[in-house]
Amino acid sequence: MIRHILNLGLRLFLVCAVAAVGLGLTYTLVKERIAEQEQKRKAEAADTVLAPLQAEAEEDLDLTASLQEDFPDLISVFEGKGAAGDVVGYAFVLKSKGYNFITMAVGVSTEGKVTGIKVVTNEETPGLGSVAAESEQFLGQYQGKGPDPLTLRVDVDAYSGATFTSRGINNGVNMALEIWNRLGAEV
Amino acid sequence: MDKEERKRTLRGEFLKGFITTNPLLVLMVGLCSALAISTRVENCIFMGLAVIFVLTCSNVIISLIRNFIPDQVRIPIYIVVIASFVTIVDLTLKTIPPVYERLGVWIPLIVVNCIILARAEGYASSAKVSHAFMDGLGIGLGYTVVLLIMSVFRELFGTGKIVLFNATIIDLHIKAVPVILIMFPGAFITFAMLSALLQWHQARRKPESKEGSG
């Protein structure tokens, strides 16, 4: 009886061991490429939203870590460096809740004006929310707004048919402005 | 079993996945993810490839080790094999972020997709390796074809155009599209119509061939 159980266990163990080795190998093969892709996507979005300032985005890990305590939805902070090497704006990559989660980058100049919004990924309803999240017309409205929190239908028009997504984007922008406020208070 | 084994031909094992034992339309397994992701043709291509890969690989491996697997622990072993291949697909797709974001949770969920476990338990565990391979390929392709038909219909009429890899392939230039098609009810409506169409086709064929459903 015991032999029988041991036999079962051993065979199960063998299968699992082979599977584990195979997965470990696959993981080491793709690990770096996955991290690279993540980083690239964030940096690209940060560059896009800081483009009006002609600044170069540079990730600030310490700043990100210190802000994340109060803003758990913040993913990372990029500093926009101008030609002279001074900080002319920030790009905040953060998560906001629309119908589902929206990951977006918001560029804010040192004066607290929105310089651009780029939705990195969204899981919104395809054809409805996803259109709003990619609409230049909708996102463009935020250009130059701030630093006071913005209200939908007062400061900006919501995208018709995509109320939740509009709200999610608006909340994301307000979060970015709030973080900017915090940065101003600290400096 | 020997007799049955001889009657099986590689071609037959491959082709049966398309009509007679189509996983979605006839067996009606693995529907959850199929209904959810068939909003975009692009998603379906990747989902189809993922399922074909996992199904074929797990079928072959399970068929290879079928004499090594003790009966009492066969289900855990199947799950380990399937989960390993799914994880490989998952990790690989992570290097293509736009696709991964959209397929999201549905890739890991292939582990518990009935199609794969059902083929492992009901077929690969008692079939020759070559047959198991063809079966996996055929069922996987049958699944993909149905997904593609559904998604072409839903994306084309639900959004008015088909976008593949950031290029618009077809644009109908209509403004008032029936948006319901890309939402959840649209999935059920499309699926039911397809299933009814296949049933009708099979029912019409039956009286002519004496074999019945072969």
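In this predicted model, helices α4 (residues 41-64) and α7 (residues 114-122) of chain B have axes that come within 10 Å and cross at roughly 20 degrees. Axes are lines fitted to C-alpha atoms, for helices over the stretch in contact, and angles run from 0 to 180 degrees between N-to-C directions. α4(B) is therefore roughly parallel to α7(B). Angles under 35 degrees count as roughly parallel, over 145 as roughly antiparallel, 65 to 115 as roughly perpendicular and the rest as oblique. Helices (H or I, at least four residues) and strands (E, at least two) are DSSP runs, numbered from the N terminus. Residues are numbered from 1 along each chain as its sequence is written, and chains are lettered from A and ligands numbered from 1 in the order in which they are written. Local features need pLDDT of at least 70 and side-chain atom pairs count only at pLDDT 80 or more, while totals for chains, interfaces and linings use all residues of this predicted model.

On the α4(B) side, B:V54, B:L55, B:S58, B:N59 and B:I62 take part in the contact with α7(B). They meet B:I115, B:I116, B:R119 and B:A120. Two residues are in contact if their C-beta atoms, placed from the backbone, lie within 7 Å. Ala, Val, Leu, Ile, Met, Phe, Trp, Tyr, Cys and Pro count as nonpolar, Asp, Glu, Lys and Arg as charged, and the others, Gly among them, as polar.

Helix α4(B) also packs with α8(B): their axes come within 8 Å and cross at roughly 165 degrees. The two helices are therefore roughly antiparallel to each other. This crossing of α4(B) with α8(B) is right-handed. The contact holds 18 nonpolar, eight polar and two charged residues.

The largest nonpolar core has 44 residues. Such a core is a set of buried Ala, Val, Leu, Ile, Met, Phe, Trp, Tyr and Cys residues joined through C-beta atoms within 7 Å. Those with the most contacts inside it are B:M47, B:A50, B:V54, B:I82, B:F85 and B:V89. Helices α3 (31-37), α4, α5, α7, α8 and α9 (184-205) of chain B each supply at least two of its residues. α4(B) gives the most, with eleven. Beyond its neighbours within four places in sequence, B:I82 is in contact with B:V54, B:S58, B:V111, B:I116, B:L117 and B:A120. A second, separate core of 39 residues includes A:A57, A:V77, A:L128 and A:Y159.

Between the chains, 25 residues of chain B are in contact with 21 residues of chain A. On the chain B side, α5 (74-93), α6 (97-103) and α8 (129-159) each give two or more residues. α5(B) gives the most, with nine. This side of chain B has 13 nonpolar, nine polar and three charged residues.

A:G168 is found in helix α5 (residues 163-186) of chain A. A:G168 is buried, with 26 other C-beta atoms within 10 Å. A residue is buried at 20 or more such atoms, exposed at 12 or fewer, and partly exposed in between, with C-beta atoms placed from the backbone. B:A167, in strand β2 (residues 167-171) of chain B, is exposed, with 7 other C-beta atoms within 10 Å.

Terms used: Left-handed = near helix turned anticlockwise from the far one by under 90°.
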